[in-house]
Amino acid sequence: MNWNSSKTGSHPAAGRRQVLLGAAATGALAVGGLRSRPARAAGTLKVGTYGGYFKDSFDEHIYPAFTEETGIQVESIAEPTGDAWLVQLQTAAQSGQAPADVSMIAQVARLRGQNAGLWAKLDEAKLPNAKNLHEHFVHRYPDGAISGVGAVSWYVTLCTNTEEFPEPPTSWKALWDEENAGLLGLMALASNSFLLEITAKTWFGGTDMLGDEAGVQQALDKLKELVPNVQLWWRDEGQFQQALESGEIPMGEYYHDVTGLAASQGKPVRSTFPEEGGVLDSGSWCVINTSKAMDEAHVFIDYMSRPDIQAKLARKVGTSPTVKRELTDLTPEEFAAVGSDIPPIIPRYDLYLEKDAWISQKWSELIAG
Amino acid sequence: MTDRRPRGLPARLPVLWPAAMLLLFFVVPFGIMLAVSFFHQVEGGFYEPGFELANYARFLDPFFGRALLFSLWISVLAAVIVIAVAFPFTYCLTRLRRSAQVPFLVFVLAVLSLSEVIIGFAWSTLLSRTAGLSNLVAWASLIPRAQAWTPSFGALLMGLCYLGFPYTVLILYPPLSRLDPEIPEASRTLGASPLRTFFLVIVPVLRGPLLGALIMVFVFNLGAYLLPQVLGRPQHWTLSVHITDQAVFQSNLPFAAAMAIFLMLFSLAFIGLTMVLGGRQEAAR
């Protein structure tokens, strides 16, 4: 299942502020443009991103400009989906290897790596731009050392085929609607579909209920009602996207960025932020502790934390910025294209770490009917 | 006369090379997997060396038992169907002139060059509601309107059979083409009908290759993890899919390894049983 690109799991940007002033743009310029440039390092840095759309976008829009500015060559690595890359990194680290120096890592995998001490501790003094980020995007070890920095965030939303659904749905409750029997495509795993969180927010007022097993069980019971509606439980993005575009499976949860891209290419699809909010997930930059390119890794992560680069990502890749919005020069229209002012549903990553085996088992039983 | 054949180490050298390769690329990885299956999985982290039976104990859960039974069932079913189709096909093929056989063999080999991914996605399109064969059936007014035939048990079975067919033909082709034409001729001379000849003479003569092909397709199906995801519903996900989920998505290598060992033991037992039954029939003859 790793035959295609995919992204799984991560951290959240709460409390977006709808402030857009000329001053913000100026501030972004000051932070991004006038800062002293890092000394030109001549090394090479291996950077891993999800193979497919993400890697292609970074190869085209990000790495060439980075190399031009810093002199650091980037060797772009395609990561497989899910935790597979984490397993490979862990195995490589045990033998002193580093398949990639910097990797974009989903949140559950990031925490797992952090628990095992897989990530190099980053030097805060070498990451002056990290202060541009929302605090929850600067990940720390219990001792306060930085273990990773938010790279990009993206939304999982309710996506529909515009020909089969002339009117966009307004709520995640549409997934439970009996009229949609056999029409849904949902992600196959608890830890990347975030359907427990969606259920908790939609029917039980919030994700706090997922704090204990009884609450999770309650959400699972509610989810049982929508299982007959599901035609496809997908692991592979390509499989669902094709079905969504053709109308074979005209409704489901999917990525806001890729759906927007498909719609802009004339495909009959749309992404809707339900009234309960989209799921805000993210990937973070982490450096493997066997990396020999620590200096270059710091330069790269700092570069990626600049508001102008985050704005460029939003425009070119369609991801939502991890830096504070007022620091970027994104117009309200540009921001609306990559996010929403509806408060997002924040995944409970802790759940998939602490109750890993229990949840995956319950989940498998649920979807198998 | 002195025996000039080399003795001792020199005599065994040619065998040492494959033996070393087998050790390096099969026995060692298998040993590692076996060891990992007893390791301790740290919740929220990775595994650490240890010895515990917890990973095997999870099998006591009926869920994985059902997945195992389903895997065995669909693998056997697909293998039997493939043999039932491929054996007569190959027999007829070998009775053709050489020049007429070539295009068929080229076609079968061409199918082999397709990856499981392409086969899976091609079938999912062919069986879809929007672009699939059901549109033709609906056009012919046999069903009221086009329907989605995938994901379903039938779609998965179809995919597995398609995947196994060319391998089966290639395994059966050499023995069938070497089959002495005098054997069926003798049967015909003695008055047996073509069908009777086929079932009572040709099939028993080629029981060995047939059994071999059956076992190969069965094992092949058991390892399929991609087709069940693309063409099946969650209740059709084989144990191989669950192994992949645990290894790739849950970082739980010990449990994945334990399931893999379990699956292997079951398939070995199954193969052993098939061979014993086959041998017993041979002896009874």
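In helix 1 of chain B, a kink of about 45° lies at Val15(B), shortly before the proline Pro18(B); the bend at a residue is the angle between axes fitted to the seven residues ending there and the seven starting there. The model is predicted, so that local features require pLDDT of at least 70 and side-chain atom pairs pLDDT 80 or more, while totals for chains, interfaces and linings use all residues. Residues are numbered from 1 along each chain as its sequence is written, and chains are lettered from A in the order in which they are written.

Helix 1 of chain B comprises residues 9-36, helices being DSSP runs (H or I, at least four residues) numbered from the N terminus.

Between the chains, 33 residues of chain A are in contact with 23 residues of chain B (contact: C-beta atoms, placed from the backbone, within 7 Å). Helix 15 (356-367) of chain A is among the elements that supply at least two residues of this side of chain A, and its seven residues are the largest share.

Chain A is divided into domain 1 (22-153 + 280-338) and domain 2 (155-279 + 345-367), with bounds from an automatic or database domain assignment. The domain centres, taken over C-alpha atoms, are separated by 27 Å.

Conventions
Contact = placed C-beta atoms within 7 Å. Expected span 1.5 Å × (residues − 1).
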